[in-house]
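Biologist: Could you put the model up, so that we can go through it together?
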Number of protein chains: 2
Amino acid sequence: MSPSTVPDIIVGRLPLYLRELSKMAEEGKEITSSQELGKRLGISSAQIRKDLSQFGEFGKQGTGYNITFLVMQLRIILKVEDVWDVVLVGAGDLGHAVVNYGGFTDRGFRLGLVYDDDPSKIGQMIGSYIVQDVHSSVDDIRARNIRIAMLAVPTADAQTVTDRLVEAGIRAILCYAPTSISVPEGVKVEYIDPVLHLQHMTYYLP
Amino acid sequence: MSPSTVPDIIVGRLPLYLRELSKMAEEGKEITSSQELGKRLGISSAQIRKDLSQFGEFGKQGTGYNITFLVMQLRIILKVEDVWDVVLVGAGDLGHAVVNYGGFTDRGFRLGLVYDDDPSKIGQMIGSYIVQDVHSSVDDIRARNIRIAMLAVPTADAQTVTDRLVEAGIRAILCYAPTSISVPEGVKVEYIDPVLHLQHMTYYLP
């Protein structure tokens, strides 16, 4: 299937499969099954087989999936076989946590630039990054041809910063602010809002 | 429909609807339509009508939805009409960001206790919370009958802490560590891992 015809909900599960398969590879496993993968993820094996079948034939009936091969295929499908530079806007506690997050390495992303608009933060170091003035971000991002941004700014600033990032050529935004942002057609947005997840779980609590 | 028969993917969209409708209410709007809500969220109006219809009849054909009423109904469905106490384990940068996150208020959650296992952090203040020793968490959580936890600990500690939380009676865990955790039947887990979202978006990038 072409990218546009696979349901987005299926695409959204692939990164979870990739993460778990990579973990299996780290554990030294070579072969797995949709049953085993499903058990580890709390997803039915039928769902996993159906999801993967949208993209090709990755395992043989009865012999399971070669983990290294499937990891490689998922990386290609998700376009993370190479490394994307990512910009972070917002150098508060959350920005610090994002910079120090250990999960980017080997998963297709590298933090390129860190921005803030607070004069007391600009010029300071976070890890190995110098916090840059967000007012210079449009030129920097264009010059480096960066397509992905993470937004860790207060809600009140989220839309203004978004508009600037879009102007700079950003085409995918991961928004940590607990608000919705408006973007033009062709720009993807995903939200990280802990309350969305908490409310999803309380539905099931007795 | 009973909670167990509505597809989980639909349940997962309700918090997003609730967030956007609450924002509309704050903007002073009284009535909305599935078209308007869909446009603001990037979801089709047909999908929104179909999702809401799983839970009842919330709008009249041609007159749209009363926002206050729909917000109230969604809060009841998601069981956030009252306030849940939540425990946070992990008092690093991410823990600080969670404590200082402004999005919990009025959305059904209140941070009750903050834990860490690092002697240099125990006893320190984060915002208005004193960081408690995680070794006392089982007794505390049981005594206060808390059901929900957020996990902001390093990957290496995630499973050990999870086991302790489950023993204490926690039934919903929001895991920020970039790893999968194992829980017994009946315990819900959701993950916050920025790379899962980034990889979801790169699929669509040219």
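This is a predicted model: local features need pLDDT of at least 70, side-chain atom pairs count only at pLDDT 80 or more; totals for chains, interfaces and linings use all residues.

Biologist: Which residues touch the most other members of the largest nonpolar core?
Modeller: Those are Leu151(A) and Leu151(B), in a core of 98 residues. Helix α1 of chain B, residues 8–26, gives the most to this core, with seven residues.

Biologist: And what is Leu151(B) in contact with, leaving aside its neighbours within four places in sequence?
Modeller: Its contacts include Val89(B), Ala158(B), Val161(B), Ile173(B) and Leu174(B), and among them are also Gly90(B) and Thr162(B).

Biologist: Changing topic, which residues other than glycine have a positive phi?
Modeller: Among them are Lys79(B), with a phi of about 60 degrees, and Asn145(B), whose phi is near 60 degrees. For background, most residues other than glycine have a negative phi.

Biologist: Where are those two, and are they buried or exposed?
Modeller: Lys79(B) lies in the loop between α4 (67–77) and β4 (84–89) of chain B, and it is partly exposed, with 17 other C-beta atoms within 10 Å. Asn145(B) is found in the loop between α6 (137–144) and β8 (148–151) of chain B, and it counts as exposed because 8 other C-beta atoms lie within 10 Å, where the cut-off for exposed is 12 or fewer.

Methods: Residues are numbered from 1 along each chain as its sequence is written. Chains are lettered from A and ligands numbered from 1 in the order in which they are written. A nonpolar core is a set of buried Ala, Val, Leu, Ile, Met, Phe, Trp, Tyr and Cys residues joined through C-beta atoms within 7 Å. A residue is buried if 20 or more other C-beta atoms lie within 10 Å of its own, exposed if 12 or fewer, and partly exposed in between; C-beta atoms are placed from the backbone. Helices (H or I, at least four residues) and strands (E, at least two) are DSSP runs, numbered from the N terminus. Two residues are in contact if their C-beta atoms, placed from the backbone, lie within 7 Å.
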